[in-house]
Amino acid sequence: MIETGNAFINTVPVLFILVMMTWQVVPAPALGVTMSVVFYQIFHGTITHFSAALMRRYEPSSQGERSRVFDFGANVPWIAFPAAGIAVGVHLIVTGDYSFALW
């Protein structure tokens, strides 16, 4: 459910972010707010999904540890990249400059 919601809700804002990072038509703080909100939503959804996957495993099994390693490995990029996006968004808000996003 979380992945489907992310796909429907985030398509337009992510396309907006990509276009504005290319053409820089809107002020940097406005793009920073959009980035921070969108990437926070993705980050929160991933943490919720990962936590639910860990909580549902209350029975020990022979595949339990292997499954946890797979879940963690699959979710690390979905935690790291939105966290970086939030950091860039906050930088755009604070400085009002696109320079950080262009290096």
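**Exercise 1.** In this predicted model, determine which element of the protein chain has the lowest mean pLDDT and which has the highest.

*Solution.* Comparing the elements of the protein chain, one finds the lowest mean pLDDT, 66, in helix α4 (residues 99–102). The highest, 89, belongs to α2. For context, the chain as a whole averages a pLDDT of 84, and 86% of its residues score at least 70. Where pLDDT is low, predicted coordinates should not be read in detail.

**Exercise 2.** Describe the secondary structure of the protein chain and the order of its elements.

*Solution.* First, count the elements: there are four helices and zero strands. Next, read from the N terminus on; the order is α-α-α-α. Finally, consider the contacts with a separation of 6 or more: 70% of them join residues 24 or more positions apart.

**Exercise 3.** Identify the residues of the nonpolar surface patch and the element that gives the largest share.

*Solution.* The patch consists of Val33, Val37, Val90, Ile93 and Val94, which together have about 420 Å² of accessible area. Two elements, α2 (28–55) and α3 (64–95), each give two or more residues to the patch. The largest share, three residues, comes from α3.

**Exercise 4.** Decide whether Val94 is buried or exposed.

*Solution.* Begin by locating Val94, which lies in helix α3. Its relative accessibility is 66%. Because exposed means over 50%, Val94 counts as exposed.

**Exercise 5.** State what share of the protein chain is buried and how much accessible surface the chain has.

*Solution.* Of the 103 residues, 25% count as buried. The accessible surface comes to about 7,000 Å², and carbon and sulfur atoms account for 73% of that surface.

Conventions: Residues numbered from 1 in each chain as written. Predicted model: local features only at pLDDT ≥ 70, side-chain atom pairs only at ≥ 80, totals over all residues. Heavy atoms only, no water. Patch = residues over 30% accessible without salt bridge, like charges linked within 9 Å, V, L, I, M, F, W, Y side chains within 5 Å. Areas by Shrake-Rupley, 256 points an atom, 1.4 Å probe, with all protein chains shown as cover. Salt bridge = Lys/Arg side-chain N within 4 Å of Asp/Glu carboxyl O. Buried < 20%, exposed > 50% of the residue type's maximum accessible area, 1.4 Å probe, protein only. pLDDT = per-residue confidence, 0-100. Contact = heavy atoms within 4.5 Å.
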